[in-house]
Amino acid sequence: MLLHRENKENRRVVLTIQVEKDAWEKALNDAYEQSKALFKKEDGSLPTRQEMEEKHGDDVFYQDAVNSTFPVALVEAVRQEDISVAGAPELNVLSIGPEGYTFTALIDLYPEVKLGQYKGLSAPRPTAELSDDDVNAAVEEYLQNHLIEEHPEKAAMGDEVVLDFEGFVNGVPFDGGKAEEYPLLLGSGYFIPGFEEQVAGMAAGDERDIAVTFPTQYAPELAGKDAVFHIKVHNITRRCKPTLDDAFAAAQGCANASALRRSIMEQAMHAKQQEAADAYADALIAQVIAGMEVDIPQRMVQCQLDGLMRDLEQQLLNKGATMDAYLDMAGITREDLRKQAEPGARASVEFELAMTEIARLEDIRFTDAELEEKYTQMSALYGMTPDQLKQSLPVERLTHDLRLARARAIVVDSAKPI
């Protein structure tokens with residue numbers, strides 16, 4: 001429930017919001033239900049909520065309950081005030097107890113945008129051409145994306161080895177030093193120096209003790225210490241580049257090597273044409289942004305940066321790496337990385353502001369039927385059901401993205417190539 005609104009300078013407002021007893025009590029019960037299994041008693045029974053609060057404090061479930069209730073309360077208050085939010089609000093809990101809690105949200109209002117000309121612009125349109133070097137590069141990329149798996153007798157650098165390992169310092173195992181059926185790409189540098197090189201030469205089924213020394217820049221309890229790892233190799237996989245011949249082409253569904261080469265060239269030309277179209281569109285959008293008048297809230301840029309950092313961290317995790325390892329390898333800090341990414345983040349915000357304003361001026365809307373059709377198309381592309389896709393891509397986000405895309409198309413379609 002919204003209690004109060006206070007207008008601030010620089011298009012900022014503070015909303016004071018209360019989460020009342022009924023919603024608060026439900027959230028506390030939900031938090032208890034989700035966590036009670038973690039506090040199982042010695043006899044195997046589960047504690048009651050009262051027992052947990054008596055043992056761990058009345059506020060044991062407060063954080064989880066706040067996290068589950070404030071988004072709904074905030075969205076309702078924003079809707080009630082009919083305001084557009086720029087970036088993530090700054091939240092502060094004023095009071096909290098058994099009856100509920102009160103918090104404030106410091107909000108940057110969506111900025112006022114004034115556009116110049118966005119229709120009838122002109123820009124050079126690049127020509128899509130495919131050189132011999134482009135064709136050779138496309139063929140090489142295709143072959144690299146269709147590597148053939150072999151299982152050699154002995155491992156070499158560049159092979160992927162599945163192995164068990166257990167590490168010992170002074171004959172004593174240490175935490176984090178053991179794994180089973182761990183996939184390791186030899187030469188990746190993911191393990192400490194000297195480890196991967198000593199795995200090279202082993203065959204599937206081989207066991208070996210290898211001696212290594214931890215780097216001085218490592219976890220304090222292991223830094224600089226000598227260690228011995230007992231390892232056992234289970235499987236060796238070598239990925240080799242295929243030869244573009246008739247047999248390989250047939251495996252790819254083509255009549256012969258020439259047909260596959262033509263298919264690769266057609267895909268390369270399509271990519272070149274798309275690249276030229278994107279360069280043309282980017283030149284036009286740059287003109288729109290150059291003619292735009294707006295004071296961009298720094299919070300919008302920071303939110304965009306946060307998203308970029310999360311995306312990078314997820315990409316690294318998908319590759320079996322971590323953000324800390326990436327930063328160490330690059331020799332930079334998180335702050336350095338954010339500074340490097342800030343111009344790109346600001347450019348993304350400028351694009352969103354410009355396209356959102358065009359969408360408003362052009363009254364771009366989508367019917368429920370159009371949105372469902374888009375969900376159907378995308379779900380087929382990603383191998384998901386429409387309902388599954390909606391979980392990761394809510395209708396509000398899809399609508400927003402489609403409005404920006406159509407606004408961009410209005411700029412491009414109305415333009416005149418030079």
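**Figure 1. Salt bridge between Glu25 and Arg49 in the predicted model.** Glu25 counts as partly exposed, its relative accessibility being 29%. The coordinates shown here and in the following views belong to a predicted model. Arg49 is the salt-bridge partner of Glu25, and the closest N and O atoms of the two residues are 2.6 Å apart. Glu25 is part of helix H1 (residues 21-35) and Arg49 of helix H2 (residues 49-56), so the pair ties together parts that are 24 residues apart in sequence. Arg49 has a relative accessibility of 15% and therefore counts as buried, the limit for that class being under 20%. A search of the whole structure finds 27 salt bridges, as computed from the model.

**Figure 2. Salt bridge between Arg79 and Glu76 in helix H3.** The closest N and O atoms of Arg79 and Glu76 are 3.1 Å apart. Both residues belong to helix H3 (residues 62-81); because they are three residues apart, about one helical turn separates them. Arg79 is exposed, at a relative accessible area of 56%, whereas Glu76 counts as partly exposed, at 42% relative accessibility.

**Figure 3. Salt bridge between Glu357 and Arg360 in helix H10.** In this view the closest N and O atoms of Glu357 and Arg360 are 2.7 Å apart. The two residues are three positions apart in helix H10, which corresponds to about one turn of the helix. Glu357 counts as buried, with 12% relative accessibility, while Arg360 is exposed, with a relative accessible area of 52%. Elsewhere, salt bridges that share partners join Arg12, Glu90, Asp108 and Arg299 into one network. In general, side chains of opposite charge can pair when their charged atoms come close.

**Figure 4. Crossing of helices H10 and H13.** The axes of helix H10 (residues 334-361) and helix H13 (residues 395-413) come within 8 Å and cross at roughly 85°. The two helices are therefore roughly perpendicular to each other, a description that applies to angles of 65 to 115 degrees. On the H10 side the contact is made by Phe351, Glu352, Met355, Thr356, Ile358, Ala359 and Arg360. On the H13 side the contributing residues are His400, Arg403, Leu404, Ala407, Arg408 and Val411. Classified by residue type, the contact of H10 with H13 comprises seven nonpolar, two polar and four charged residues. Arg360, listed here among the H10 residues in contact with H13, is also the salt-bridge partner of Glu357.

Figure 5. With 11% relative accessibility, Thr102 counts as buried. Leaving aside neighbours within four places in sequence, Thr102 is in contact with Leu3, Thr16, Ile17, Gln18, Asn92, Val93, Leu94 and Ser95.

**Figure 6. Position of Ala369 in helix H11.** Helix H11 covers residues 368-382 and includes Ala369. Ala369 has a relative accessible area of 56% and is therefore exposed, as the limit for that class is over 50%. Gln287 provides a reference position for this view: Ala369 and Gln287 are 82 residues apart in sequence, and their C-alpha atoms are 34 Å apart in space.

Definitions and conventions
Residues are numbered from 1 along each chain as its sequence is written. This is a predicted model: local features need pLDDT of at least 70, side-chain atom pairs count only at pLDDT 80 or more; totals for chains, interfaces and linings use all residues. Side-chain values use heavy atoms; hydrogens and water are left out. Helices (H or I, at least four residues) and strands (E, at least two) are DSSP runs, numbered from the N terminus. Buried means under 20% relative accessible area, exposed over 50%, partly exposed in between (1.4 Å probe, protein chains only). Axes are lines fitted to C-alpha atoms, for helices over the stretch in contact, and angles run from 0 to 180 degrees between N-to-C directions. Angles under 35 degrees count as roughly parallel, over 145 as roughly antiparallel, 65 to 115 as roughly perpendicular and the rest as oblique. Contact means heavy atoms within 4.5 Å. Ala, Val, Leu, Ile, Met, Phe, Trp, Tyr, Cys and Pro count as nonpolar, Asp, Glu, Lys and Arg as charged, and the others, Gly among them, as polar. A salt bridge is a side-chain nitrogen of Lys or Arg within 4 Å of a carboxyl oxygen of Asp or Glu.
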